[in-house]
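Here's a quick tour of some helix packing and helix bending. Have the viewer open as you read.

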Amino acid sequence: MSVLTRLFPLWAVLVSVAAIAYPAPFLVLTPAITPLLAFIMFTMGVTLTAGDFVRIARRPMPVVAGVVLHYLVMPLAAWGIAHVLGMPPMIATGMILVGCVSSGTASNVMIYLSRGDVALSVSISTLSTLVGIIATPVLTRFYVSSGVSVDSWGLFRSIIEIVALPVMGGVIVNTMCARLVRRIEPVLPLVAMVSIMTIIGSIVAGVRPSLAAVGPLVLVGVVLHNAIGLLGGYWGGRLLGFDEAVCRTLALEVGMQNSGLAATLGRLYFSPLAALPGAVFSVWHNISGSALAALWAGRPPRDGRP
């Protein structure tokens, strides 16, 4: 099962191609996008324990640094790229949404493979998700063009419904039914992967008529955005004096986004085109993250940590 989930970038590309060639079956699944994303966030909550929150308090500096870098670098980079590339308003809005959401759930696996600090990764992902409940609608309103209407309250309400409540529900289930959770935990990554692929396929099918015109532009923007996040996280950590394992962790936590959430919010509150950057980012950041993890896996951190 781990082999199947590690090949997520391949499956995501294949699903995207299938959605372009045969959009009808994927369009039927469009109403399931929001419930599926909420379920993905529930599976994240199921993996969390009270100890994960205690760890934030015990080791606050790298955790806070990761979250601050995340919400500083990614929204600003998205805004800058959208303007430099002259993106249409809805595509630019989608890019900014990607920049304003929390860390991606796949980052923990990539950091484990990269010989980074997994405990720190979980702490950053947890705090990033909690901060995002407020930060995502506020930053989106700040960065999105004044010519585009932003329903900040609607965004906040959706994040509560799609992120906060499912994550809290997952934590409660893990606390009350730990033995049951341990039994089903091995299959959760596969279930989450299938869910996110369904979301990607539905979104790609919905924007199929516009792909020829805006697809290459979105891909260039996404690649640049992800690269700036990876570099910003790594060198931000270096400037702050953290060791190599922590810097690797910051690189992937900053550069990998909860792009499924960005795509869903873009579709709900703006237009199908605003969902496209999130869908493309979902595919690309797993490809770049896997490649970086493979590179770092063979190079132990220079500070001697395993």
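How close do the axes of helix H6 and H13 come, and at what angle do they cross?

## Ground rules

This is a predicted model, where local features need pLDDT of at least 70, side-chain atom pairs count only at pLDDT 80 or more, and totals for chains, interfaces and linings use all residues. Residues are numbered from 1 along each chain as its sequence is written, and side-chain values use heavy atoms, with hydrogens and water left out.

## H6 against H13

Back to that opening question: the axes of H6 (residues 60-84) and H13 come within 9 Å, crossing at roughly 150 degrees. Helices here are DSSP runs (H or I, at least four residues), numbered from the N terminus. Axes are lines fitted to C-alpha atoms over the stretch in contact, and angles run from 0 to 180 degrees between N-to-C directions.

The crossing is right-handed (the near helix is turned clockwise from the far one by less than a right angle). On the H6 side, the residues in contact (heavy atoms within 4.5 Å) include Leu-69, Val-73 and Met-74.

## H14 and its two partners

H13 (residues 211-239) also packs on H14, with axes 7 Å apart and an angle of about 150 degrees. The two are therefore roughly antiparallel (angles over 145 degrees). Their crossing is right-handed too, and the contact residues split into 7 nonpolar, 5 polar and 3 charged.

H14 (residues 244-255) meets H16 (residues 272-297) as well: their axes come within 10 Å and cross at roughly 165 degrees. That makes this pair roughly antiparallel. Glu-244, Arg-248, Ala-251, Leu-252 and Gly-255 of H14 touch Phe-281, Gly-289, Leu-292 and Trp-296 of H16, giving 5 nonpolar, 2 polar and 2 charged residues.

## Bent helices

H9 (residues 118-143) has 26 residues, but its end C-alpha atoms are only 32 Å apart, short of the 38 Å that a straight helix would reach at 1.5 Å a residue (1.5 Å times one less than the number of residues). H9 bends by about 55 degrees at Gly-132, taken as the angle between axes fitted to the seven residues ending there and the seven starting there.

H16 has a kink of about 25 degrees centred on Phe-281.

Technical notes
Parallel < 35°, antiparallel > 145°, perpendicular 65-115°, else oblique. Nonpolar A, V, L, I, M, F, W, Y, C, P; charged D, E, K, R; others polar.
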